[in-house]
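Student: I have a model open and want to go through the fold with you. Can we start with what counts as a contact?

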Amino acid sequence: EATVKGKVTSADQAAFAEGIIFADGQVCQPATLEILAVTALKSQVRITISEGKRHQIKKMFLACDKKVLSLRRIAIGPLTLVATAVGDYRALNRTEILTLKSYFR
């Protein structure tokens, strides 16, 4: 989930669905952009990506002339992240490891 400066529009959703081309020419895979709330100054959105390039979401919005103000990961593959303090972690259980196995080569 992200907070983005400015109004995120259906045109931005279409661009994400097609796949964004970064300023350096790198192409990212199509992504889902869900608009949660829009005000005059900022938008709340949820993005679903299938790859994880460095600063990908920030670069995708920059390609649409928008700046990401905050970004929070809410899931990784089939795992939903629970609210934890910054820097906290825990070991995955066996079931979680098995559900993630198909995501890695």
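Tutor: Contact here means heavy atoms within 4.5 Å. Keep in mind that this is a predicted model.

Student: Fine. Which residues is Val-45 in contact with, leaving aside its neighbours within four places in sequence?

Tutor: Val-45 touches Glu-1, Ala-2, Val-4 and Val-8, then Leu-33, Glu-34, Ile-35 and Leu-36, and also Phe-61.

Student: And the sheet, what's the strand order?

Tutor: The order is β2-β3-β1-β4, in an open sheet of four strands with antiparallel pairing. Strands β2 (32-38) and β4 (67-71) are at the edges with a single partner strand each, so one side of each has no neighbour in the sheet. From one strand to the next, the twist averages 35°.

Student: How many bridges between β1 and β3?

Tutor: Four bridges, in the antiparallel sense, join β1 (residues 2-5) to β3 (residues 42-48). Within that region, Thr-3 is opposite Gln-44 of β3.

Student: Now the helices. Where does α1 lie?

Tutor: Helix α1, residues 10-18, lies across β2 and β3, and runs at about 160° to β2.

Student: Which strands does α2 touch?

Tutor: Helix α2 (residues 56-63) packs on the sheet and touches β1, β2, β3 and β4. The direction of α2 makes about 150° with that of β4.

Student: On to the core. Which residues touch the most other members of the largest nonpolar core?

Tutor: That core has 16 residues, and those touching the most other members are Phe-16, Ile-20, Leu-33, Val-45, Ile-47, Met-60 and Phe-61. Two or more core residues come from each of β1, β3 and α2. The largest share is that of α2, with three residues.

Student: Change of topic. How many disulfides?

Tutor: Zero disulfides are present in the structure.

Methods:
Residues numbered from 1 in each chain as written. Predicted model: local features only at pLDDT ≥ 70, side-chain atom pairs only at ≥ 80, totals over all residues. Heavy atoms only, no water. Pairing = 2+ DSSP bridges. Axes fitted to C-alpha atoms, helices over the stretch in contact; angles between N-to-C directions. Core = buried A, V, L, I, M, F, W, Y, C linked by side-chain atoms within 4.5 Å. Buried < 20%, exposed > 50% of the residue type's maximum accessible area, 1.4 Å probe, protein only. Disulfide = S-S within 2.5 Å.
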